[in-house]
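Here is a report on strand pairing and helix packing. Look over the model first, then read on.

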Amino acid sequence: MQGGSSGIGYGLKYQARCISDVKADTDHTSFLTGTLSLREENEVHLIRLSSGGTELICEGLFSHPNEIWDLASCPFDQRIFSTVFSTGESYGAAIWQIPELYGQLNSPQLERIASLDAHARKINCVLWWPSGRHDKLISIDDENLFLWTLDCSKKTAQVQSKQSSGMLHYLSGGAWDPHDINAVATTCESSVQFWDLRTMKKTNAVERAHIRNANYDMKNNHILVTAEDESGIHIWDLRKPKSPVKELPGHTHWTWAVSCNPEYDGLILSAGTDSTVNLWLAPTSAEEEATSESIAEPPAQHADPLLNSYSDYEDSVYGLAWSSREPWMFASLSYDGRVVVESVRPFLSRRVGVS
Amino acid sequence: MGAEDNVPLDDKARRMRDLLSSFYAPDPSTNNAPSNPGTLDAINTSSFDADQYMNLLMQKSNLDELLQRHVEMAAEIKNIDTDLQMLVYENYSKFISATDAIKRMKSNIVGMEANMEELLDKIMSVQSKSDGVNTSLFEKRENIEKLHRTRNLLRKVQFIYDLPTRLGKCIESEAYVDAVKFYTGALPIFKAYGDSSFQDCKQASEEAISIIVKNLQGKLFSDSESIQARAEAAVLLKQLDFPVDSLPVKLLEKLEQSLGDLQLKTDDIENASMEPNDPKLGKVPDSVHIMAHEGSIRGFAEAISAYRVIFPDSEGHLIKLAQDLVVKHFETVEQCVKGRISCANLLVVLRTIWTDVLLMDEVLSEAVLPEFSLEAAQNALKQHVASTFNYLLHDISDVLLRVNVSSKEAAEENPLQVALEASKKALLQGSMDVLLDFRQLLDDDLGLLVQLRDFVSDWVQEGFQDFFRALYDRFFLLSGRKSSSSQDQGLTAGAHGEKVLAGLVLVLSQLSVFIEQTAIPRITEEIAASFPGGGARGYENGPAFVPGVMCRIFRSAGERLLHHYINMRTQKVSTLLRKRFTTPNWVKHKEPREVHMSVDLFLQELKETASDVKQILPQGLERKHRRTDSNGSTASSRSNQLRDDKTNRSNTHRARSQLLETHLAKLFKQKVEIFTKVEHTQESVVTTTVKLCLKSLQEFVRLRTFNRSGFQQIQLDIQFLRTPLKETVEDEAALDFLLDEVIVAASERCLDPIPLEPPILDRLIQAKLAKWNEKNPITP
């Protein structure tokens, strides 16, 4: 599974945790990433894959006031993104706009469109609706779920509604259902909870401990993939929340992040603290299930769902993002600040059935 | 060479024949298939055109070939000429001989006619003379015939008049056969003249016959009479036109009742199964019982044969009866199989059944009882094999589940070891017993089993295959890894009701290794030795028991279970650490006063793991030299010094260069492989557990922000961990690396990373060590 490093590298100056695909940029494959340095001046990098696909070019370098714990690009405006940051003692979240660039790289200032400053607790993440233009934003802190109305032109963000997750449920993150504008999943210590944004009520829950990350399948409705500390990756059909549809072994240590491919069915990336990124193929459609469920065959005969393991990292990998423009490319970010963009093309044709 | 020579020769001969036949053939069109005149082969056809052929030849061939062709052709022409000549000569000689024969015939025929006419005259005179004799004797012959007829009639009349008395005599002497014969003989006459001349006679003999019928009926239904006699009676009754159809039904009912007594009772079989346990007492009554059973079956068989003679129509009914009996037999067998029954007992039962079947088959071969019972026995044996394996599986899981209970009580010293040994024994002993048991089935020369021998060895092999597969599933079920939805709901509930013990998982893992390395080879050997390949299964399906596949499955199972065990252990530590890192406010941490108690808990957990592991797993082969004799404090303070240098330096520099430095350090340091393959040894498991826990610790640290005191607390905790961990872990380099990583991570996440002064650090650690030793007296 080793293979030489085929990826294209890019180094950040400091440690970093988060990377995001710039979905609104339809002309280039670009990613946004921000550094995590407690005592230094942090930066946001706009990275673009060169047209030949051989190099990563820094398109913009902006200073950011605090260390960045979460970063998400706006899915309908390539110049807008959100960050969650921390000063060490306090937390904040903001929406930023990249100033117009005129080819010069003189570290222009980011323009702060809005601050999401209604939080009293540690903020975990800010979510955009992944499927298109929507004027709402979600931010999640340890205890609360906030729904914001964002007006970019007026540069305001207002709390539309807010819901506490309830006692003893410390939220750790979340995901917004790309198929349903009103459905959001939040992860907490012992379960994944599902919310209806219209009523701000809990609709459903999957009981599962230590979920690190959750990701909706972009192609298939009702499919949610979760990454757990020790017990690997689970794929859930939300109509049957009792037990997972599939189980993947995950990583040697914790499975930190998981991401479904926006284009190819069943293609899943996971990043782990064992300094590897794993590429899985785990289709969940019904007929697939029927064929693979032949009990007569010994379990060893099943095709290994692990397509490839990228292990050319020096440190834990926390950041993971598929490119939505070129869905066979993904970017990964290890803690030491190294961005690696890889193509999964070599593994596609064989099993996924895509030329 | 020979072949090459032959081909052209044959070719030539064939062509010759064709030519000749075409010469003699009446119709030239039936000649061989017309071939294209444009090719060289056209020479043999009727449409052969010499000029065209020549042209073609000239065009196609070079000089050599032409020459060769020429030589060939000349030779062929010569051959054909001689053949033709020979044929002409032969024909000519045949003609000559034919004309000779015709000439001879002509001369022979000339004198025959006169002789024939003479013969005719003589025959005519013979005929006229014989006619004369016939007519002269005719009258006398008619007379004699008439007298003879009268005499016969008179004799019959006499017989009829005598009939009543004769019947009376017969009744007296019980010669019913004769009586019936006489009566039936006279019956046509009674029918014709009974109303007129022989009325008295008829009445008297009918009375006598009614007595006979009564007697016969009595005989038929009396059990004391022999079967033969009864059969005779039935036959006679039938001859007397008595309505006998109702009789067989009644009799068969009786037979059916007697069948009830013949059934094997489950109690009997259980008695039989008691026998081996209690050889002194059980055997005698049992064999007596079997003897009695055999006797009654023999009686039954006789009855059947008699009935067949008496009532030929009742065969279908009898067949059904016999089959019912066999079916009932096998039903009881199946019941026994459902319970736990050893092969020996099963054999006893089968043998009884088989003798019964053979006895019945002798008299009723139409019922195809052997085939019938063969099929039934096949099913029964199959079930038996399946249930035996099922019980074995239950035994093993029972033993394993006992671990859960016993280790909870913690009464024993090494519960895991005991459990492992017990389950190993249960598995190996159990499967050996099973094999031995089945071996009996094979060795027995019972006709029934001989035919099934191939099947049995296939079933046993298949049984093992399925058994191991089921065992595999059961292992994962017990380990709680699979939330199995398919089978064994009851057991799932049982296993999930209480939390699965980590120790059990370790036992299962070790058991898997044992199965792979010892049990399967042993069983394979045993099977190869005593169950010579079935073959009935057919080769396309492959052998029934594939040890290679099973070994592979269990190897992977062993690894998975081991990983699962480590996972369970690390999960516990993770929970511990998670609490440790989420509860305090690290940014407002107070100055460290002592090593945090979570470290104790961590070490406690490790100790548990180590004790689990020590009970079951073998020691690794290459053991590193362990510093057991150094008391740890000096070593720790020394390494302490080194670390302080580093952290001090990095502190004075800016953090950025610190990061660079760690990166550089990483570059030059050999990349430490943290996550190596786990082996089934004590050290490997403990080391992996520790590594995973430390990695988790690092990740938790990275998620926090610390003030100076928080950082110092971490530093203190880690520093304290260093010594005890080194004593348990084999890979010191990786351990050092990971511990350093934790401290680096903490300093990176610290707002003000100033480490503790070494003397303070040392003092705090000493204090903790003293406390630690007080609590846990050093165990050798």
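How many bridges join β6(A) to strand β7 of chain A? Six do, and the two strands run antiparallel.

## Basis

This is a predicted model, in which local features need pLDDT of at least 70, side-chain atom pairs count only at pLDDT 80 or more, and totals for chains, interfaces and linings use all residues. Residues are numbered from 1 along each chain as its sequence is written, while chains are lettered from A and ligands numbered from 1 in the order in which they are written.

Helices (H or I, at least four residues) and strands (E, at least two) are DSSP runs, numbered from the N terminus.

## The sheet in chain A

Four strands form an open sheet in chain A. Their order is β6-β7-β8-β9, with antiparallel pairing. Two strands pair if DSSP finds at least two bridges between them. β6 (67–73) and β9 (111–115) of chain A are the edge strands, each pairing on one side only. From one strand to the next, the twist averages 30 degrees.

β7 of chain A covers residues 80–86. There, F85(A) is the bridge partner of I68(A).

## α19 and its two neighbours in chain B

Helix α14 (residues 415–443) and helix α19 (residues 597–616) of chain B have axes that come within 8 Å and cross at roughly 35 degrees. Axes are lines fitted to C-alpha atoms, for helices over the stretch in contact; angles run from 0 to 180 degrees between N-to-C directions. The crossing is right-handed (the near helix is turned clockwise from the far one by less than a right angle). L416(B), Q417(B) and L420(B) of α14(B) contact D612(B), Q615(B) and I616(B) of α19(B). Contact means C-beta atoms, placed from the backbone, within 7 Å.

α19(B) also packs with α22(B), at about 160 degrees and with axes 9 Å apart. The pair is therefore roughly antiparallel (angles over 145 degrees). This crossing is right-handed too. Residues of α19(B) in the contact include F602(B), L606(B) and V613(B). Among those they meet in α22(B) are V685(B), V686(B) and C693(B). The contact has eight nonpolar, three polar and one charged residues. Here Ala, Val, Leu, Ile, Met, Phe, Trp, Tyr, Cys and Pro count as nonpolar, Asp, Glu, Lys and Arg as charged, and the others, Gly among them, as polar.

## α22 with α24

Helix α22 (residues 682–702) and helix α24 (residues 732–748) of chain B pack at about 10 degrees, axes 8 Å apart. That makes α22(B) roughly parallel to α24(B) (angles under 35 degrees). The contact residues divide into eleven nonpolar, one polar and four charged.

Notes. Two residues are in contact if their C-beta atoms, placed from the backbone, lie within 7 Å. Angles under 35 degrees count as roughly parallel, over 145 as roughly antiparallel, 65 to 115 as roughly perpendicular and the rest as oblique.
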